[in-house]
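Here is a short report for a reader meeting this structure for the first time. Please keep the sequence and the 3D view open while reading.

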Amino acid sequence: MISFTTWDVVRNLLLSLPWTLALSFIAFLGGGLVGLLLLVLRLARPRIFERPVAAYVQVFQGTPLLMQLFLVYFGLALAGVETSPMAAAVLCFTFYASAYLTENWRGCVESIPKGQWEASACLALTFTQQLRYVIFPQALRLSVPPTVGLVVQIIKNTSLASVVGFVELTRTGQMIANVTFQPFVVYGLVALFYFALCFPCSMLGSWLEKRMRLQH
């Protein structure tokens with residue numbers, strides 16, 4: 001058994017922390033862009049994209065993220081397409097985030113009274129102008145809690161990327177635990193790192209929600 005001090009464990013976990021943050025950031029950014037596009041397509045008239053977008057959301061919400069990772073990483077390899085653990089993880093997490101963000105934001109938009117749509121239509125605003133100047137600003141205030149909640153879920157779910165060999169916080173903890181035979185200490189520190197990432201996000205979300213409520 002190799003001797004590791006607590007500081008050695010913490011140092012190695014800190015080195016893997018940027019990868020967890022990078023995957024979380026890329027997943028949220030990519031998922032946000034794709035989710036916004038899907039939301040606009042779903043709301044657009046005539047609603048020819050409503051069912052395809054709804055099917056997309058149902059597929060990625062109704063299947064485990066772990067299975068999606070397996071299908072993308074190993075499935076693409078079987079199809080002759082070489083992919084890295086990082087690429088597979090980014091692709092899956094982007095799809096995962098976009099599906100949930102599309103549905104969350106759609107609920108926020110649909111909670112806006114129909115009178116807002118009708119009033120903006122009376123002002124001869126185009127569909128894009130209605131969304132930009134009337135609907136989205138009001139939906140933004142409502143979207144803060146579910147969006148922040150999803151950010152926290154993304155950060156925690158990055159641990160699943162370890163199953164395809166992506167070396168992030170959990171994967172690093174697994175390797176250290178296998179070497180030191182101290183799983184309680186190692187995984188306890190991993191849990192503390194995740195808490196240190198997620199708790200500030202939750203607090204920031206609460207602060208933003210209160211601030212927007214006061215400005216309303």
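## Overall layout

The chain has eight helices and zero strands. This is a predicted model. Read along the sequence, the pattern is α-α-α-α-α-α-α-α. Along the principal axes, the C-alpha atoms fill a box of roughly 75 × 50 × 20 Å. The chain has 216 residues, and 38% of them are buried.

Pro137 and Phe70 are 67 residues apart along the chain. Their C-alpha atoms are separated by 38 Å. Pro137 itself sits in helix α6. Its relative accessible area is 42%, so Pro137 counts as partly exposed.

## How helices cross

Two packed helices are described by the angle between their axes and the distance between the axes.

| Helix pair | Axes come within | Crossing angle |
|---|---|---|
| α2 and α4 | 9 Å | roughly 120 degrees |
| α3 and α4 | 9 Å | roughly 135 degrees |
| α4 and α6 | 9 Å | roughly 150 degrees |

Take the pair α4 and α6 first. The axes cross at roughly 150 degrees. That makes α4 roughly antiparallel to α6, because angles over 145 degrees count as such. The crossing of α4 and α6 is right-handed.

Next come α2 and α4. Helix α4 covers residues 85-110. With an angle of roughly 120 degrees, α2 and α4 are oblique to each other. Their crossing is left-handed.

Then there is α3, which covers residues 65-78. Its axis and that of α4 cross at roughly 135 degrees. These two helices are therefore oblique to each other as well. Here α3 passes α4 in a right-handed crossing.

## A closer look at α7

Helix α7 runs over residues 169-180.

Which residues of α7 are buried? They are Leu169, Thr170, Thr172, Gly173, Ile176, Ala177 and Thr180. Seen down the axis of α7, these buried residues fall within an arc of 155 degrees, so they line one face of the helix.

The N-terminal end of α7 is capped by Glu168. A side-chain oxygen of Glu168 lies 3.0 Å from the backbone nitrogen of Thr170. Thr170 belongs to helix α7. Its relative accessibility is 13%, so Thr170 counts as buried. The side chain of Thr170 also makes a polar contact with the side chain of Tyr194, at 2.7 Å.

Most residues other than glycine have a negative phi, and most peptide bonds are trans.

Start with Phe181. Its phi is positive, at about 55 degrees, although Phe181 is not a glycine. Phe181 lies in the loop between α7 and α8, and α8 covers residues 183-215. Is Phe181 buried or exposed? At 58% relative accessibility, Phe181 counts as exposed.

Ala124 also has a positive phi, of about 65 degrees, and is not a glycine. Ala124 is placed in the loop between α5 (114-122) and α6 (127-157). Its relative accessibility is 62%, so Ala124 counts as exposed.

The remaining exception concerns a peptide bond. Which residues does the cis peptide bond join? The bond joins Arg45 and Pro46, with omega at about 0 degrees. Pro46 lies in the loop between α1 (6-43) and α2 (50-62).

## Putting it together

The chain is built from eight helices. Among the helix pairs, α4 and α6 are roughly antiparallel, whereas α2 and α4 are oblique. The buried residues of α7 line one face of that helix, because they fall within an arc of 155 degrees.

Methods:
Residues numbered from 1 in each chain as written. Predicted model: local features only at pLDDT ≥ 70, side-chain atom pairs only at ≥ 80, totals over all residues. Heavy atoms only, no water. Helix = DSSP H or I, 4+ residues; strand = E, 2+ residues; numbered from the N terminus. Buried < 20%, exposed > 50% of the residue type's maximum accessible area, 1.4 Å probe, protein only. Arc of directions from axis to C-beta. Polar contact = N/O pair within 3.5 Å; in protein donor to acceptor, adjacent residues only side chain to side chain. Axes fitted to C-alpha atoms, helices over the stretch in contact; angles between N-to-C directions. Parallel < 35°, antiparallel > 145°, perpendicular 65-115°, else oblique. Left-handed = near helix turned anticlockwise from the far one by under 90°.
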